[in-house]
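Trainee: I would like to learn how to read this structure with you. Could we take one feature at a time?

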Amino acid sequence: MTVIHGDLSRETQFLQTVAKALGRDKALSVAPTRQEAGPPAFWREQQFENTQPLALFKTNLEALTGKVVIVRDGSEATNQIKLWLKVLNAKSAILWDHPTLRKYIEPAQLGVKAVFWNNERSREELIEIAEQSDVGITWVDYAIGYTGTVALFNGAATGRSVSLLPPTHIAVMRQADIVPTMSTVMRELLARCGQGNLPSAIDFITGPSRTSDIEMDLSIGVHGPVRIWAVVIED
């Protein structure tokens with residue numbers, strides 16, 4: 001009983017501290033009635049210039065050691081990826097078999113062995129290829145300016161292993177698909193939900209893999225790629 005009384009005392013003290021910080025005389029005994037749900041109105045009503053999402057995305061991803069290069073079309077995007085593969089001394093790459101990625105990127109011009117993630121191989125074989133590939137190349141459905149995040153929609157031809165297993169992840173996107181905030185992506189997903197058009201999984205990736213769970217010692221690339229580089233196509 002002594003332990004319970006001690007816990008209640010600490011809980012009461014904690015709630016009183018929170019109430020004081022909120023300008024209240026004492027902690028509330030019943031939950032307050034909310035006037036709105038989700039993000040506050042001032043956040044939803046923010047206005048952005050056309051170029052702001054791209055500028056924010058570039059600044060925030062590069063702050064996390066990422067790279068962002070802006071090109072005019074698919075030809076320049078292919079050349080940029082080829083240059084990065086040469087810098088990395090890469091010998092192989094695995095790509096999503098995504099129709100828009102195929103539209104912009106010419107795998108035969110990359111100068112490395114390129115394999116598509118699709119149903120022409122078994123899942124086990126594709127995972128093994130992804131493990132051994134130097135680079136994984138994906139198409140980005142949405143990128144988020146405020147956090148430098150890429151949102152990848154997974155499916156049969158867009159496997160998660162492509163962005164997870166190789167040491168370098170190259171993400172390709174259109175400038176038009178870079179949005180300011182996460183809430184924009186969520187609204188799009190809600191619309192898709194009503195149409196029965198959701199992907200099997202969605203990855204939100206912000207910078208390279210990092211962890212500090214052991215002695216607060218920051219380690220990069222333990223649970224995923226060491227690098228994430230982005231090609232933004234203005235087209």
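Trainee: Let me begin with a helix. What covers the buried residues of H6?

Mentor: A word on the model before we look: it is predicted, so local features need pLDDT of at least 70 and side-chain atom pairs count only at pLDDT 80 or more, while totals for chains, interfaces and linings use all residues. Residues are numbered from 1 along each chain as its sequence is written, and side-chain values use heavy atoms, with hydrogens and water left out. Helices (H or I, at least four residues) and strands (E, at least two) are DSSP runs, numbered from the N terminus. The cover over the buried residues of H6 includes strand E2 (92–96), strand E3 (113–117) and helix H7 (161–164).

Trainee: Which residues of H6 are buried?

Mentor: Buried means under 20% relative accessible area, exposed means over 50%, and partly exposed lies in between (1.4 Å probe, protein chains only). In helix H6, which spans residues 123–132, the buried ones are Leu126, Ile129 and Ala130. They lie on the same side of H6, because they cover an arc of only 100° around the axis. That arc is taken from the directions from the helix axis to the C-beta atoms. As a general idea, an α-helix has 3.6 residues a turn, so residues three or four places apart point the same way.

Trainee: Which exposed residues does the face of H6 turned away from its buried side carry?

Mentor: You will find Glu124, Glu131 and Gln132 there.

Trainee: Now the core. How many residues does the largest nonpolar core have?

Mentor: In soluble globular proteins, nonpolar side chains tend to be buried together. A nonpolar core here is a set of buried Ala, Val, Leu, Ile, Met, Phe, Trp, Tyr and Cys residues joined through side-chain atoms within 4.5 Å. The largest one has 45 residues, and those with the most contacts inside it are Phe57, Ile81, Ile137, Val150, Val172 and Met173. Strand E12 (residues 227–233) gives this core its largest share, six residues. Apart from this core lies another, of seven residues, among them Ala151, Phe153, Val179 and Val185.

Trainee: Where is Glu234, and what does it contact?

Mentor: Glu234 sits in the segment after E12. With a relative accessible area of 44%, Glu234 is partly exposed. Leaving aside neighbours within four places in sequence, Glu234 is in contact with Ile70, Val71, Arg72 and Gln175.

Trainee: Let us turn to charges. How many salt bridges does a search of the whole structure find?

Mentor: A salt bridge is a side-chain nitrogen of Lys or Arg within 4 Å of a carboxyl oxygen of Asp or Glu. The search finds six. One of them joins Glu76 and Arg72, with their closest N and O atoms 2.5 Å apart. Here Glu76 is partly exposed at 25% relative accessibility, and Arg72 is exposed at 57%.

Trainee: What does Arg102 form a salt bridge with?

Mentor: Its partner is Asp97, the closest N and O atoms being 2.4 Å apart. Asp97 is buried, with a relative accessible area of 18%, whereas Arg102 is partly exposed at 43%. Arg174 and Asp177 also meet through their side chains in a salt bridge (3.3 Å, N to O). Arg174 is partly exposed at 25% relative accessibility, and Asp177 is buried at 15%.

Technical notes
Contact means heavy atoms within 4.5 Å.
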